[in-house]
Amino acid sequence: MTTLMMILGIVVFVIGLLFSIAWHELGHLSTAKLFGIRVPQYMVGFGPTIWSRKKGETEYGIKAVPLGGYIRMIGMFPPGPDGRVEARSTSPWRGMIEDARSAAFEELEPGDEKRLFYTRKPWKRVIVMFAGPFMNLILAVAIFLGVLMTFGWNEQTTTVSKVSDCVVAQSEGNRNCKKGDEPSPGKVAGLKAGDSIVAFNGRPIDEWGPLQEQIRSHANEKVTLTVVRDGQKVDLTPTLVEKKVNQVDDRGGYIDDEYVNAGFLGFTPASGVVQQSFGESVQRMGYMMEDGVTSLIALPSKIPDLWDAAFSDGERKQDSPMGVVGAARVGGEVFTLDIPPENQIAMMLFLVAGFNLSLFLFNMLPLLPLDGGHIAGALWESLRRGFARILKRPDPGPFDVAKLMPVAYVVAGIFVCFTLLVLIADVVNPVRIS
């Protein structure tokens, strides 16, 4: 049964992956057609074609390897300085440029002269190239907001999970109580596991963040806690003590190795799924976007750990980069967890949403062959044409993005190597969920 659920989870994730890719390419396709650019092909996947059908002037199809997709637009690059589409050169770098230019015109038909990508104004080209990643962003936001506002988010609550027996500074770690340790204020006041704290000094409270702030700001003071126990409200009057505790960031998370002296009650809050308001959901989406950007910037620094995880006995960290294989495996594990079905669905949706958010951020890098590279080229063309007009100089014409193809091949080579490294790590030392 576990194997069957694992396979089902993988299949569900792959379906979500294929939809995300198709959704991305639909953004490019729809805007290209809107601006009159001819699009001969719209494909989901790479490699051999499994199925295809031609409708109008575009062939729609699915290929065997679900690791991406593409649309083929006529005239992605302008002709060379001599106006020729094809040329020959013994220089390998020059050959890359000429091959790319030739491929951009290989399906040119009569009447296409006015339907070429490079002939469109820069702002139109920016829209066409941005539309793909933007579709992934829309999908990610829609899924995240939908799940957060209907299902919720797992967070710490005001319910007591465990009461500390004694006062132990967080800087000392999770050590056991020793003889002579001061009993915790919560233990002395009669706080019990399962109590739900609903008020602090008579002020209603229903979130962990504000409760944590109140506790920390009342060191060495006697306070009144109102808890719900077995359906009845009970008032407790602990005297908080001052203790060295972890500093918290603006999200309420602990900052490692940073401590402050603050009030201490002595209990561990229980975690639970809490439905989020629209404002809270938007805030969490902002945090996810921020974490995504931070992770993308930190990607090169994670390669040594990834290498150790793949080729030695190094630990595969939870924030380690994952590829499609690793994500599919996690998707399979989600369906094997002993949790309610709605939790499994929410986790799967978060996984697909996270994949779409990553697609958006990665594709916005200003490097060819990514969408961001074409956007950067169009913006640069617009900028230099604008300067030419201001300075009353001749129009410099379209920016020849084909000249950057050697750089694109280098970037693609690095990406392929990184993808293979992640693939090996995903197979021999995968990221696991608990």
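Reply: Let's start with Cys417, which counts as exposed because its relative accessibility is 53% and the cut-off for exposed is over 50%. Keep in mind that you're looking at a predicted model.

Now compare two other cysteines. Cys166 is buried, with a relative accessible area of 6%, while Cys177 is partly exposed at 40%. These two form a disulfide, with their sulfur atoms 2.0 Å apart. The count for the model comes to 1 disulfide. The torsion about the S-S bond is about -100°, so this disulfide is left-handed. Both Cys166 and Cys177 sit in the loop between strand 3 (153–163) and helix 4 (185–189), so the bond ties together parts that are 11 residues apart in sequence.

Next, go to helix 11, which runs over residues 405–428. An unreviewed UniProt entry lists 407–428 among its transmembrane regions, along with 6–23, 126–153 and 345–365. In the model, residues 407–428 are 100% helix and 0% strand, with end C-alpha atoms 32 Å apart.

Angles under 35 degrees count as roughly parallel, and that is why helix 8 and helix 11 are described as roughly parallel to each other. Zoom in on where they touch, and you'll find Val325, Gly326 and Arg329 of helix 8 meeting Leu423, Asp426 and Val427 of helix 11. Sorted by class, this contact has 3 nonpolar, 1 polar and 2 charged residues.

How many of the residues of helix 8 are buried? The number is 8 of 11, so the helix is largely enclosed by the rest of the structure. The buried ones are Gly326, Ala327, Ala328, Val330, Gly331, Gly332, Glu333 and Val334. What covers them includes helix 1 (2–34), helix 9 (341–363) and, once again, helix 11.

From there, hop over to helix 3 (residues 122–150) and find Asn136. Is Asn136 buried or exposed? Asn136 is buried, because its relative accessibility is 0%. Leaving out neighbours within four places in sequence, Asn136 is in contact with Ser20, Trp23, His24, Asn356, Leu359 and Phe360. The stretch 126–153, one of the transmembrane regions listed in that unreviewed UniProt entry, is 89% helix and 4% strand in the model, and its end C-alpha atoms are 36 Å apart.

For a last stop, look at Phe267 in strand 10 (residues 267–274). Phe267 counts as buried, since its relative accessibility is 11% and the limit for buried is under 20%. Setting aside neighbours within four places in sequence, its contacts include Thr159, Val160, Lys162 and Val163, as well as Leu191, Ile197, Trp208, Leu211 and Ile215. Gly202 is 65 residues away from Phe267 along the chain, and their C-alpha atoms are separated by 20 Å. The unreviewed UniProt entry lists residues 183–229 as "domain: PDZ". That span is 30% helix and 26% strand here, with its end C-alpha atoms 22 Å apart.

Key:
Residues are numbered from 1 along each chain as its sequence is written. This is a predicted model: local features need pLDDT of at least 70, side-chain atom pairs count only at pLDDT 80 or more; totals for chains, interfaces and linings use all residues. Side-chain values use heavy atoms; hydrogens and water are left out. Axes are lines fitted to C-alpha atoms, for helices over the stretch in contact, and angles run from 0 to 180 degrees between N-to-C directions. Helices (H or I, at least four residues) and strands (E, at least two) are DSSP runs, numbered from the N terminus. Angles under 35 degrees count as roughly parallel, over 145 as roughly antiparallel, 65 to 115 as roughly perpendicular and the rest as oblique. Contact means heavy atoms within 4.5 Å. Ala, Val, Leu, Ile, Met, Phe, Trp, Tyr, Cys and Pro count as nonpolar, Asp, Glu, Lys and Arg as charged, and the others, Gly among them, as polar. A disulfide is a pair of cysteine sulfur atoms within 2.5 Å. Buried means under 20% relative accessible area, exposed over 50%, partly exposed in between (1.4 Å probe, protein chains only). UniProt positions are given in the numbering used here, feature names are shortened, and annotations may be inferred rather than shown by experiment.
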